Amino acid sequence: MKKTFNLFFTAFLITFSSFSQTNQNDPSLDWLKKTSEVIHYQLSKAAETYKPGKNPRSTNPDGTVRLAGLTDWTTGFFPGSLWYGYELTGDKKLAQDAQKFTLALDSIRHIKNTHDLGFMLYCSYGNAYRITGDKTYLPALADGAQNLYARFSPTVGAIRSWDFAWWHYPVIIDNMMNLEYLYWGANQFNKPEYANAANSHALTTIKNHFRKDYSSYHLVDYDPKTGKVLRKATHQGVTDDSAWARGQAWGLYGYAMCYANTKNQKFLQQAENIASFIMNHPRMPKDKVPVWDFDVHNAMDTDELAPRDASAAAVIASGLLDLSTQVKDGKKYFDYAEEILKSLSSEAYLAKPGENNYFLLKHSVGAFLYNSEIDTPLDYADYYYLEALKRYAEIKKIDFPEKS
């Protein structure tokens, strides 16, 4: 393994030589250079190890890999990570691998029973088209966007999340993330109704999902015939009234993204209010990586600290970096995100080359209440970590490596 790592390390140093001289001599960027080396190695080995259509999702309790099939809501994140890895390292082999893992997801274009099509298709096919401009990726994206839009109800004013029989018309805060797919699709396919649906969903969510302190419920169940709120609950947090960490991250990221696409000041204000809730929360650990729910009893217990959620931290970092470019006082958001990224890039969270089943980050939580994916790597933690690093590099005006 040492010989293999040295080969990847050498290749990375070659690609990284395209950094400007200023960047090369800036000691404050040493952490980012070291992180990029790990990213290059881990993604390259993961692409060699796993098979298209069976993407790495997380690690089981026995140490084996949990794979994501075509209907798994997380299945688009690994191809998306490979695309980001290509952008961050310049290694064309990663682009070839990304293409292979992306095209294996083509049949997702026919799925209609979930709101997660943004995660599944836009994170994979969307990044593929953004980077390459290859129109081969457009038919699947067109079908997926149409199927996502079809889940919108004008009566409710929102997109239905799940088709589970025990809910009437459930809408979860996670759904904010999939609105980007509709905004993009509205422009790409000349479908203004997509953007109108996304705007309606975001406004309805502001009205019904958030508490006075700008924390959010995980789930709001509506009457599909009247649009009336029937129940505010959770499927993820410790209680219906708690602040599930990743849910707060979804909201922050979602409204910063909505503002970027619409310039609606309501969305910007919502993003800033959610950011304030997160950044000033008394139970946020010093390293800025939250526990899985801010309201668990041992959120700040130094002896028995509740499990951390690196996935929430990664989403928060990416959302804050987006927000930092949209306001006059954005430095406070950038600085906070930088602290998160440095924590996630430390030995406490970033895997060593060859370990962690080739995932990048350790210590995430999928669904604590169901004893599922607790203190494990997660594919979406890696995806948003890579996206945040890309945004960070762009804001810092760090030259990306030449493609090799």
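I began with alanine 186, which lies in helix 8, spanning residues 179–188. The model I am reading is a predicted one. I looked up the accessibility of alanine 186 and found a relative accessible area of 9%. Alanine 186 is therefore buried, as the limit for that class is under 20%. Beyond its neighbours within four places in sequence, I noted that alanine 186 is in contact with Lys191, Pro192, Tyr194 and Ala195. I also checked alanine 158: it is 28 residues from alanine 186 in sequence, and their C-alpha atoms are 17 Å apart in space.

I turned next to helix 9, which covers residues 192–209. Its 18 residues reach 25 Å from first C-alpha to last, close to the expected 26 Å. Among the buried residues of helix 9 I listed Tyr194, Ala195, Ala198, His201, Ala202 and Thr205.

I found serine 343 to be buried, at 13% relative accessibility. Its side chain reaches the backbone oxygen of aspartate 287 at 2.7 Å. Leaving out neighbours within four places in sequence, I recorded Asp287, Val289 and Tyr349 as the contacts of serine 343.

Lastly I examined tyrosine 370, in the loop between strand 8 (364–367) and strand 9 (372–376). Tyrosine 370 has a relative accessible area of 46% and is partly exposed. I noted that Tyr370 forms a nonpolar surface patch with Phe368 and Leu369. Together these residues have about 280 Å² of accessible area.

Key: Residues are numbered from 1 along each chain as its sequence is written. This is a predicted model: local features need pLDDT of at least 70, side-chain atom pairs count only at pLDDT 80 or more; totals for chains, interfaces and linings use all residues. Side-chain values use heavy atoms; hydrogens and water are left out. Patches are made of residues with over 30% relative accessible area and no salt bridge: like charges are joined within 9 Å, nonpolar side chains (Val, Leu, Ile, Met, Phe, Trp, Tyr) within 5 Å. Accessible areas come from the Shrake-Rupley method with a 1.4 Å probe; for residues, only the protein chains shown count as cover. A salt bridge is a side-chain nitrogen of Lys or Arg within 4 Å of a carboxyl oxygen of Asp or Glu. Helices (H or I, at least four residues) and strands (E, at least two) are DSSP runs, numbered from the N terminus. Buried means under 20% relative accessible area, exposed over 50%, partly exposed in between (1.4 Å probe, protein chains only). A polar contact is a pair of N or O atoms within 3.5 Å; within protein, one must be able to donate a hydrogen and the other to accept it, and residues adjacent in sequence count only if both atoms are side-chain atoms. Contact means heavy atoms within 4.5 Å. The expected span of a helix is 1.5 Å times one less than its number of residues.
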